Amino acid sequence: MTDLKGTVVTWLGHATVHIATAKGTSILIDPFIEQNPKFPKGYQLPEKIDLILATHGHGDHIADLVPVAEKHGSKVVGMVELMGWAESKGVKNTVGMNLGGSWKYEDVTISAVEARHSSGISDGNEVIYGGEPVGFVITIQKGPVLYHAGDTCLHLDMQLTRDLYHPQFAMLPIGDHYTMGPKAAAIAAKYLGVTGVLPIHYGTFPVLTGTPQELAAELQGSGIEVRAISPGESVR
Ligand code: NI
Ligand code: MN
């Protein structure tokens with residue numbers, strides 16, 4: 001069993017995840033709420049959201065970034081170009097990063113790592129350059145090292161993420177079509193050296209056909225645990 005040492009990871013459907021550290025730091029990743037068919041009904045975001053992490057510029061990851069940041073007074077962390085866009089929309093407190101960089105806040109260190117995808121921001125009739133997409137490694141003091149892959153295909157640089165950060169628990173897209181599917185996600189989990197996986201980015205829309213059962217079948221005998229939970233439930 002993966003032990004998250006007091007950290008609570010709550011899946012909110014699609015790629016939206018809330019993380020609360022044992023010390024009380026509150027982090028929301030990829031806020032997709034109003035139009036997210038899998039956002040848990042009646043779920044209230046915590047009042048305190050210190051950080052919002054944005055992996056890339058697609059609507060199913062940042063649709064609610066601006067209003068949530070404003071309402072909760074959160075710092076927003078992501079690729080420099082994406083943060084430039086967020087500032088242009090009125091977000092006051094941004095931390096623009098780029099691949100390979102780390103930034104420390106209280107008991108967490110956020111590292112931006114490679115994701116292979118696209119990151120154009122649809123804004124009215126325009127598509128704005130959002131910089132490169134990223135995944136995030138979240139290293140929690142006296143806690144676990146977590147990895148949220150964002151949207152990505154399987155790539156060998158996940159082995160570099162393993163060597164640099166030694167993540168224990170990964171949030172991996174398995175839906176296929178726009179990202180890797182279960183077979184590739186199983187290989188990703190092995191490349192990363194994690195002991196547990198929270199499957200995300202599946203079942204939201206009909207084309208996202210990958211399932212946690214397929215992932216678990218691919219990982220059978222590997223010792224890597226698939227924590228298939230429903231939106232609104234937590235891994236701890
Ligand atoms: Ni995307
Ligand atoms: Mn997506």
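Predicted model: local features only at pLDDT ≥ 70, side-chain atom pairs only at ≥ 80, totals over all residues.
H148 counts as buried because its relative accessibility is 0%, where buried means under 20% relative accessible area, exposed over 50% and partly exposed in between (1.4 Å probe, protein chains only). Residues are numbered from 1 along each chain as its sequence is written, chains are lettered from A and ligands numbered from 1 in the order in which they are written, and side-chain values use heavy atoms, with hydrogens and water left out.

H148 sits in strand β12; strands (E, at least two residues) and helices (H or I, at least four) are DSSP runs numbered from the N terminus. A polar atom of the H148 side chain lies 3.0 Å from the backbone oxygen of A15. Leaving aside neighbours within four places in sequence, the residues in contact with H148 (heavy atoms within 4.5 Å) include V17, I29, F136 and M171.

Now for the metals. Donors here are N, O and S atoms within 2.8 Å of the metal (3.2 Å for Na, K and Ca); water is not among the atoms, so sites may look incomplete.

| Ion | Protein donors | Distance | Spacing in sequence |
|---|---|---|---|
| Nickel ion (ligand 1) | H56 (NE2), H58 (ND1), H117 (NE2), D151 (OD) | 2.2 to 2.3 Å | H-x1-H-x58-H-x33-D |
| Manganese ion (ligand 2) | D60 (OD), H61 (NE2), D151 (OD), H201 (NE2) | 2.1 to 2.3 Å | D-H-x89-D-x49-H |

Which residue coordinates both ions? That is D151, and the nickel ion (ligand 1) and the manganese ion (ligand 2) are 3.2 Å apart. H58 lies in the loop between β4 and α1 and D151 in the loop between β12 and α4, so this pair ties together parts that are 93 residues apart in sequence. Both H58 and D151 are buried, and H61 is buried too.

The site of the nickel ion (ligand 1) is irregular, with angles of 90 to 178° among its 4 donor atoms.

Just after α2, G73 takes a positive phi of about 60°.

Conventions:
Tetrahedral: all angles 85-135°; square planar, octahedral: opposite > 155°, others 65-115°. Polar contact = N/O pair within 3.5 Å; in protein donor to acceptor, adjacent residues only side chain to side chain.
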